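The following exercises concern a structure that is to be examined step by step. Each task is followed by a worked solution.

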2 protein chains.
Amino acid sequence: MNTDRRGLFAGSAAVAAALALPAAAQQAAAPPAPAQAPGFYRFKLGGFTVTTVHDGFFRRPVEGFVRGVPTAEVQALLAEAFLPGDQLTIPFTITFVETPRGLYVFDAGTGAQMAPTAGQMAANMRAAGLDPARVTGVIVSHFHGDHITGLTTAQNERAFPNAEIIVPAAEWAWWSDDANAARSPEGQRPNFANTARRFGPYQGRIRQVRDGEEVAPGIRAVSAHGHTPGHTVYHVADGADQMMFLADLTNRPEIGARRPDWQIVFDFDGEAAAATRRRVFDRVASERMRVTGYHYMFPSTGFIAREGQGFRFVPADWSSQV
Amino acid sequence: MNTDRRGLFAGSAAVAAALALPAAAQQAAAPPAPAQAPGFYRFKLGGFTVTTVHDGFFRRPVEGFVRGVPTAEVQALLAEAFLPGDQLTIPFTITFVETPRGLYVFDAGTGAQMAPTAGQMAANMRAAGLDPARVTGVIVSHFHGDHITGLTTAQNERAFPNAEIIVPAAEWAWWSDDANAARSPEGQRPNFANTARRFGPYQGRIRQVRDGEEVAPGIRAVSAHGHTPGHTVYHVADGADQMMFLADLTNRPEIGARRPDWQIVFDFDGEAAAATRRRVFDRVASERMRVTGYHYMFPSTGFIAREGQGFRFVPADWSSQV
């Protein structure tokens, strides 16, 4: 077999001609096109450049996702958004913000260690020209596995070798103390071990932040407790332009924005999560502020509008012009 | 804005050569990341593969876009969709359908001959692995310049060298006869010369089709006159899966789906266009049928839901899994 690629490609036209193959067969020598375009999307926020990066998705049954609401009611809401009623697809989207003083990223993805349909973040970062070694700070919203597992590789080495890790103080306090395990929902107890594991390699590089604190130039923590004890969203501003990284204020907005009072299976404290959801959605809706989310349909950026007793997520206009 | 579109995707080798870098350095230099991800999106329709391809956009004032409606009323509707009120961005999106019996494309883009912010179709086709030489048929909805100019190059050579061109008979009858010029809106009269110019190089390869006719396996013409005398949309089906290519049934759906009775400046016969819009939207809403459009926000595919006295376009869920 000819392993010299250039020779192989150079020869293919002659071979095809000799075999009298049609033009389409000769085309087969071209590099294969990707099945889907790379999952990144870029827009400007003042002088900052924001890039959302797709890490894939996972699927779970719709049944049991919303607590105490008949499945048929959830399915009816999904049907309004033309989403299937059996399986819920939950995408993961990581928001990067390039500022004059550093490249910051909100949360860390699944690190290709959680679901076979997830783990595309590294490839999509490469496609977007985002080098993990260039990341100045990883700003964490909360410590659920799909947000922090990507901090380290499967060998538990730092995935962002030069980054500082910025964490909500309340979140750190809860999950770094095993004494809280008994007071946590059973399904969330693996977070204690995963917290120790993922933050371990960043010893000495971890900074705790509090509500209202400016964690980096133009980036401010906004407490949004409930989904987890220290769940935090982040306000990003440059000049008059502002946006909010909403993290898990809601999971898919087709459910959680339309019915902000519904409590989902991943909420640590469902009642607090619902109250927080209303409060933060009220603010971003009133201010007509751009948002990005973690589990929103890619490219995961848009606006929150009031609708009926709840809200609606309106995707931002897509532009090839950044 | 980067006006060198090829540079966005393919300029790195040329740049390295111009800088006289040694061969090793050229090998080592990573290709620069594109400002934006390539504008193509792929999904399955039965055994067919549909790819929408972005060709860019153009901008025009909101004022004067909708006939006989106060600009402030149009701006209020745009604000509901979080779109700006001064300039309207009109994207161009071309729908490709790969079938076992050929690669078909709906309309032909601007051919990089109409607006500096348009003409990205060729680069995005390359990124998607869609070779113009492989196109079996170009299926045309109507003869407005942004839909047929891309049939030929600036030198007026065939852009799809091996394709048959499929056109609505009523559209052909109107624009191929200069005697109709006096009965056409003044702004649309350049279409006569452009029709002659763009179809000229395809002499002997043009097929006229009529309402209800199967124009290719699984693809059927559906008359939707009004926007132009022969404006036609196309129904695509494979097995139980179906979709409708809606062409210019509406321009941006944030306006035309919400207010189907409004008539826009590009409509040849505004009243007929509005009646057709209601009829076709009614059908695709009732059947909950997937649609693609030509001036919809990329990736330009989703569903039409009834809302109030009109409709709403609901984008389809984005998936990295084709």
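This is a predicted model: local features need pLDDT of at least 70, side-chain atom pairs count only at pLDDT 80 or more; totals for chains, interfaces and linings use all residues.

**Exercise 1. Overall dimensions**

Which radius of gyration does chain A have, and why does this value agree or disagree with that of a compact globule of 322 residues?

Solution. Residues are numbered from 1 along each chain as its sequence is written, and chains are lettered from A and ligands numbered from 1 in the order in which they are written.

Step 1. The radius of gyration is taken over C-alpha atoms, and the globule rule is 2.2 Å times the number of residues to the power 0.38.
Step 2. For 322 residues a compact globule would have a radius of gyration near 20 Å; chain A has 22 Å, which agrees.
Step 3. Along the principal axes, the C-alpha trace of chain A spans about 75 × 50 × 45 Å.

**Exercise 2. Organisation of chain A**

State the domains, secondary structure and burial of chain A.

Solution. 
Step 1. An automatic or database domain assignment supplies the bounds: domain 1 covers 1-33 and domain 2 covers 36-315 of chain A. Their C-alpha centres lie 46 Å apart.
Step 2. Helices (H or I, at least four residues) and strands (E, at least two) are DSSP runs numbered from the N terminus. Chain A has nine helices and 14 strands.
Step 3. A residue is buried if 20 or more other C-beta atoms lie within 10 Å of its own, exposed if 12 or fewer, and partly exposed in between, with C-beta atoms placed from the backbone. By this criterion, 48% of the 322 residues of chain A count as buried.
Step 4. Two residues are in contact if their C-beta atoms, placed from the backbone, lie within 7 Å. Among the contacts in chain A with a separation of 6 or more, 67% join residues 24 or more positions apart.

**Exercise 3. Nonpolar cores**

Identify the residues with the most contacts inside the largest nonpolar core.

Solution. 
Step 1. A nonpolar core is a set of buried Ala, Val, Leu, Ile, Met, Phe, Trp, Tyr and Cys residues joined through C-beta atoms within 7 Å.
Step 2. The largest such core has 156 residues, and those with the most contacts inside it are A:Val138, A:Ile139, A:Val233, B:Val138, B:Ile139, B:Val233 and B:Tyr234. Strand β3 (residues 87-99) of chain B gives the most to this core, with six residues.
Step 3. Beyond four places in sequence, the contacts of A:Val138 include A:Val105, A:Leu151, A:Phe160 and A:Ile165.
Step 4. A second, separate core has eleven residues, among them A:Val66, A:Val74, A:Leu88 and A:Ile255.

**Exercise 4. Relation and interface of the two chains**

Which rotation and shift superpose chain B on chain A, and how many residues of each chain are in contact with the other?

Solution. 
Step 1. Superposition is by least squares on the C-alpha atoms of residues with pLDDT of at least 70 in both copies. A rotation of 180° with 0.0 Å of shift along its axis brings chain B onto chain A, at an RMSD of 0.1 Å. The two copies are therefore related as by a two-fold rotation axis.
Step 2. Contacts link 37 residues of chain B with 36 residues of chain A. On the chain B side, β1 (40-45), β2 (48-61) and β14 (310-315) each supply at least two residues, and β1(B) gives the most, with three residues.
Step 3. The side of chain B that touches chain A has 22 nonpolar, ten polar and five charged residues. Here Ala, Val, Leu, Ile, Met, Phe, Trp, Tyr, Cys and Pro count as nonpolar, Asp, Glu, Lys and Arg as charged, and the others, Gly among them, as polar.
Step 4. Because 89% of the interface residues of chain B are also interface residues in chain A, the copies meet through the same surface.

**Exercise 5. Backbone geometry**

Is A:Arg288 buried or exposed, and where does this residue lie?

Solution. 
Step 1. A:Arg288 lies in the loop between α9 (270-286) and β12 of chain A, and its phi is near 50°, a positive value in a residue other than glycine.
Step 2. A:Arg288 counts as exposed because it has 11 C-beta neighbours inside 10 Å.
Step 3. B:Ala247 also has a positive phi, of about 45°, but counts as buried, with 28 C-beta neighbours inside 10 Å.
Step 4. The peptide bond from A:Phe298 to A:Pro299 is cis, with omega near 10°. A:Pro299 is in the loop between β12 (290-292) and β13 (301-307) of chain A.
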